[in-house]
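Here are my notes on this model, as numbered points. Please read them with the structure open.

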Amino acid sequence: MKTLKKSLFAVLAAFISLIIFSSFVACSNDNNDDAKETTTTNKEEQTDSGTKTYFGTRAPTESKAVGDIVFSDGSATPYSEGLVLTSAQKSAAVAVIFYAGSVREILGQKILGVGLVNTQGEPNKTLAWAATNTTEFTEIVIHTVILQPTDGTAYYKVGNYYLVGDFDGSDNWTKICELDTSANESAVTNYPAFNWINNYAATNLLTGDNASGWYLPSVIELIMLYNNKTVVNNALEKVVGTKMENTKYWSSNDSSGYSGSRAEYVDFSDGNYNPDSRSSRLSVCAIREF
């Protein structure tokens, strides 16, 4: 009888152990599944007027990094594979950071983000850089040289060549308007790509600080965007933005040696830059400093 009781006790103990083990495995699987998703916790800050809550996990004053999704209130959330955004966050997103440089880098210490919408993906919305009869803009030219400059001239190396000239596209439309005083009035027909940029904020219902500052990037800025295309596109997908496709995107740089007939583009299938006729219809994206 004692032997039977011991056997029953052993069977009962084994059964209880099996239940505990199964529960542990189930909990472990649940924890692993949770780890695959990154839920966003809105950032809160204490201010003189009370608690301020932001859309992102980083406050506007905190540093931003490549891949960060920037929201309308200036806050940001880093991209991750399992990132899950709320509908409110998706609606509030305005850009994805593609350059976060230091003073030692070619574009200097600044934070640049690309807008969520570009003309690629919009049927029949590729645009000409300018009409064929517009002037030559020597101040916004990008030059290709074979030998590395040794006179202190800033340069950016691409393969075996060196790019010198205009690196910052933020004031290129202003320079165009200075040389062509009718540029603003004729932008729709004479400068379609720039006109799209000039209307970017209004078209996409951006307000506050985000209602200004958008511009057509320079060649170098586009190359920086191309270099981080994968993480940028992954982040754009999270906010249902228009991805950067493997196609040609206009820069705001004029081409040298073509008497005002060509401008530069960057091909996002391989990162190469080349000149094309200003009247060619290519894709356009808007960038901004944050």
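1. First, a term. A pocket here is an open set of grid points where a 1.4 Å probe fits, with protein on both sides within 12 Å along at least five of seven lines. The model is predicted. Its largest pocket has a volume of about 190 Å³.

2. Which residues lie nearest the centre of that pocket? They are Ser 91, Ala 93, Val 94, Asn 204 and Leu 206, out of 14 lining residues. Helix H2 (87-92), strand S7 (93-100) and strand S8 (111-118) each give two or more residues to the lining. The largest share is that of H2, with three residues.

3. Now the charged pairs. Side chains of opposite charge can pair when their charged atoms come close. The cut-off is 4 Å between a side-chain nitrogen of Lys or Arg and a carboxyl oxygen of Asp or Glu. By this rule there are six salt bridges.

4. Lys 110 and Asp 168 form one of them, at 3.9 Å from N to O. This pair links distant parts of the chain, 58 residues apart. Lys 110 sits in the loop between S7 and S8, while Asp 168 sits in the loop between strand S12 (161-165) and H3. Buried or partly exposed? Lys 110 has a relative accessible area of 16%, so Lys 110 is buried. Asp 168 has 29%, so Asp 168 is partly exposed.

5. Asp 254 pairs with Arg 278, and their closest N and O atoms are 2.8 Å apart.

6. Last, the surface. Ile 146, Leu 147 and Tyr 161 make a nonpolar patch of about 370 Å². Leu 147 is in the loop between strand S10 (141-145) and strand S11 (156-158). Its relative accessibility is 68%, so Leu 147 counts as exposed; the cut-off for exposed is over 50%.

Key. Residues are numbered from 1 along each chain as its sequence is written. This is a predicted model: local features need pLDDT of at least 70, side-chain atom pairs count only at pLDDT 80 or more; totals for chains, interfaces and linings use all residues. Side-chain values use heavy atoms; hydrogens and water are left out. Patches are made of residues with over 30% relative accessible area and no salt bridge: like charges are joined within 9 Å, nonpolar side chains (Val, Leu, Ile, Met, Phe, Trp, Tyr) within 5 Å. Accessible areas come from the Shrake-Rupley method with a 1.4 Å probe; for residues, only the protein chains shown count as cover. Helices (H or I, at least four residues) and strands (E, at least two) are DSSP runs, numbered from the N terminus. Buried means under 20% relative accessible area, exposed over 50%, partly exposed in between (1.4 Å probe, protein chains only). On a 1 Å grid over the protein atoms alone, a cavity is a set of points where a 1.4 Å probe fits but cannot get out, and a pocket is an open set with protein on both sides within 12 Å along at least five of seven lines; lining residues have an atom within 4 Å of a point. Grid points are joined across faces, edges and corners, and a volume is the space filled by probe spheres set on the points.
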